[in-house]
Amino acid sequence: MNRRSLGSRLAALAAVTAALAGCASDDGDDAAPPASAAPSTASSRPPGSGGTPARTPDGTLLVTDFGADTVTFVDPAARDGAAGLGSVRVGTAPYGIALGADGTAWVATAEGVAAVDTRTRERTALIPYRTDTGPVTTGEYRGGGMGIALSPDGGRVYVGVNVPGGNGTLEVVDTRRREVTRVVPVGRRPFDVDVSHDGRQVYATNHDSFDVTVVGTGDWTTRRIEVAPYGTEGGLGSWLKPHYTAVRPSDGALLLPFEGERLAVVDPGTGRVRIEDMTANTHQHGVTAGADGTLYVVGTGPIDPSRDDGPSLTVRTPDGDERIIPLGGPHETVALSADGRTAYVTGGFTRAGSWDGLSVVDLGSGGVTRLPVGERPLAVAVLGEGAPRRA
């Protein structure tokens, strides 16, 4: 593996920092003024459906179209380019998805949290944020919801809200009342939100502040854990920041991959960060953990093509053995089929170079099939009983 020092990494990055500013935002206030708008209950059906659509079969994928205002339902078995089962308008630039046991998908958009009935393929609510995020826009740095997760009992949705030019917030949505009930300050650009297995803590992974905010759901206190295995030199222009987090099933540790070189293993109780070696040698974003503790990590491609490897999916066993499956082109997030035999990797990618599709990876053979899907598909969830509940 290409083990690079921090100094050589920063030297290699200097030539690209001006053009690729690495997902930035600045310091700002944590205040979250309430909004006066009431929750929307507008519905939307797939275009051309006419009446009520047929029930959505188990195993269907739901992806967020970050380049549009929709989520798209996908038949992963399709191999002829007709993978789409229709789209539902949810709100501008949808980002993360959290899937409830009742079939409701909660989608973080630039405008608010959308609720989608995945069985009938209708939007049933759009819940506005209480955080002031400025004008509704699109693109990598847009304000609004990013990471999103459900409490284990399904009673709350937690969404990380990006505030351009300032620190973000964690907004808490009551899923029955369908309204925001609490706003908690977190770090900059909360790419991902995760929940502990017992529901007592929520973790916001904050890209631009090199940290994870641990939020106690009993008293809503917060703690900051810096997760910066390469240090914080380079600030907002650095590529070497946390993106997504997986909660390890065995002990609740937080797992954050960096550059196909380092895996940060975080104890959320003590704040201790331990580093393990990785082998993919590529910039990494999305991550998910299987029920057996196997880690699946999306490699988006090289920062420096002269020394880094291309896009890939890392399959890392609990004992640290890794298998690297090459992927064609940048990808962003990953979800597993209910039987754990297939990985679905989205091609949306938060930066330039995204493509409108996803890769279906046979984890046994390593074979990859590309499906054309949506518009810059970013997050993916697998529908049906026993399926993973979030991207």
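Which residues do ring pairs link into a cluster?

Analyst: The model is a predicted one, and in it ring pairs join Phe-66, Tyr-95, Phe-191 and Tyr-244 into a cluster. The structure holds three aromatic pairs, and two of them can be followed here in detail.

In the pair formed by Phe-66 and Tyr-95, the ring centres are 5.7 Å apart and the planes stand at 85°, so the arrangement is edge-to-face, given that planes over 60 degrees apart are counted in that way. Phe-66 belongs to the loop between strand 1 (61-65) and strand 2 (70-74), while Tyr-95 belongs to the loop between strand 3 (84-89) and strand 4 (97-99), so this pair ties together parts of the chain that are 29 residues apart in sequence. Phe-66 has a relative accessibility of 4% and therefore counts as buried; Tyr-95, with a relative accessibility of 4%, is likewise buried, the cut-off being under 20%.

Tyr-95 also takes part in a pair with Phe-191, where the ring centres are 6.1 Å apart and the planes lie at 80°, so that this pair, too, is edge-to-face. Here the link is between distant parts of the chain, since Tyr-95 sits in the loop between strand 3 and strand 4 whereas Phe-191 sits in strand 12 (residues 190-195), 96 residues apart. Phe-191 is buried as well, because its relative accessible area is 1%. Tyr-95 is thus paired with Phe-66 and with Phe-191, and Tyr-244 is also linked into the cluster by ring pairs.

Leaving aside residues up to four places away in sequence, Val-265 touches Arg-248, Ala-253, Leu-254, Leu-255, Arg-272, Val-273, Arg-274 and Glu-276. The C-alpha atom of Val-265 is separated by 6.1 Å from that of Ile-275, a residue ten places away along the chain.

Methods. Residues numbered from 1 in each chain as written. Predicted model: local features only at pLDDT ≥ 70, side-chain atom pairs only at ≥ 80, totals over all residues. Heavy atoms only, no water. Contact = heavy atoms within 4.5 Å. Phe/Tyr/Trp six-rings, centres within 6.5 Å; stacked < 30°, edge-to-face > 60°. Helix = DSSP H or I, 4+ residues; strand = E, 2+ residues; numbered from the N terminus. Buried < 20%, exposed > 50% of the residue type's maximum accessible area, 1.4 Å probe, protein only.
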